Amino acid sequence: MSRTAIVLGAGMVGTCAALHLAFRGWSVTLVDRREPGRETSYGNAGIIQREAVEPYAFARDTATLLRVAFKRGADVHYHLRALPRLALHLAGYWRNSGPSRYPALARAYGSLIAHSVAEHAPLIDQAQARDLVSEQGYRFVFRNEASLARAAANAERLHASHGLRHAVLDGDALAAAEPALRLRMAGAIHWLDAWSVSDPGELVERYAALFAARGGRLARGDAASLQAQGSGWRVATDQGMLQAEHVVVALGPWSDALLRPLGYRLPLFVKRGYHRHYRGAQGPRLPLYDVDRGLVLAPMKRGVRVTTGAEFAHLDAPATPVQMRKAQALARELLDLPEPVEHEPWLGARPCTADMNPVIGPAPRHRGLWFNFGHAHQGFTLGPASGRLLAELMSGQQPLVDPMPYSALRFGA
Ligand SMILES: Cc1cc2nc3c(=O)[nH]c(=O)nc-3n(C[C@H](O)[C@H](O)[C@H](O)COP(=O)(O)OP(=O)(O)OC[C@H]3O[C@@H](n4cnc5c(N)ncnc54)[C@H](O)[C@@H]3O)c2cc1C
């Protein structure tokens, strides 16, 4: 008889975990309160960031810290009233970004992201989603010669350590490659191993359709109805009360809300982000990350999607689209962007952990409960590799990478 699992959360992460369990013969139901891929996995910049082998560290240089503290840039914003509750996690994030801890954490992160494109590729093929995907990479663009030179040296270091392919473009080469740019830039780093997606939410939908085609079931339900029952678990859904031996928590930024009542206190927090689309003029050929200002401009089905950096705030606090306003002005320096498509910017939240690595593996104190969340800035990239790793652990198979760095035990949970 096949083993049974309920996966809670049909974002990129949960959908891929459900798919990988189905591939391994499990009987799986994927439960969400919405359609698959409608939350964080919908609103991101759509880049499969193979080059992101080192996670976003807490800035430690005084100039950046002052700029952030005084809310001068577009890259980081914060709600003052959120800071007391965030303080402990941010202190951990700060410590983990320091020279004594960061290198090992980055090695762990890099070992999983190394599989990102290779794990997306077969799913994209099986889901018949090639029409959504560009394999042409994306560009870090620079307004400033000094930051381009620093980034070029860093790219060279990552090439030597991780084999990441890139090309450095000077201002002329960038202007030729991206004719829509109206500002003369210092140049760009073109990351050649990354892929990009013109509708991230639709890619998740196609993966969910593939899951259904492989015998998986989709149901609507509230994860908060989860209860232990005998040696398994049950959840109320539109298809009635579902029961399974195993349950996977893949609720992205909402994972913490489910785990607290079960007694888990993990250092989870969110970095919120906004986007808006602009239609009507020529967009970039490839996604552009304006590194000196902290925004991304990605060509998407709905128009050019401008995404913002990190906002430290409570998950449910009202939107404060200050960064979106700044990002719109900065984006208009780069491209001719007519009026936005949406009245209000989209708001989402990157599910983060204090040590920048996701949580993947068994819950320490509940049999049959599994974790798969906390993929922060790169959950869209990491979903398939992370889902495979979790399914291997649940199936007792040789794991793709060493799972220890992702265990909840590292937080003394
Ligand atoms: C502005 C921005 C840009 C980004 N750009 C990129 C990028 O270019 N590349 C990249 O790799 N990553 C990017 N990210 C990060 C990426 O989007 C996230 O890491 C990823 O989407 C997280 O996926 P997830 O499946 O864990 O969460 P989600 O996609 O949020 O999925 C969680 C699911 O849980 C469901 N859910 C929640 N609560 C309940 C409940 N009580 N009952 C039932 N269901 C529930 C939700 O409906 C949702 O479908 C970006 C993020 C932002 C905000």
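Helices (H or I, at least four residues) and strands (E, at least two) are taken as DSSP runs and numbered from the N terminus. The structure is a predicted model, in which local features need pLDDT of at least 70 and side-chain atom pairs count only at pLDDT 80 or more, while totals for chains, interfaces and linings use all residues. Residues are numbered from 1 along each chain as its sequence is written.

Helix α4 (residues 83-96) has 14 residues and spans 18 Å from its first C-alpha to its last, close to the 20 Å expected at 1.5 Å a residue, the expected span being 1.5 Å times one less than the number of residues. A kink of about 35° in α4 is centred on H89, the bend being the angle between axes fitted to the seven residues ending at a residue and the seven starting there.

Around the ligand lie 41 residues, of which G11, N44, G252, G273 and G379 come nearest; a residue is near if its C-beta atom, placed from the backbone, lies within 6 Å. At least two residues of this shell are supplied by each of α1 (12-23), α2 (40-43), β15 (268-278), β20 (346-353) and α12.
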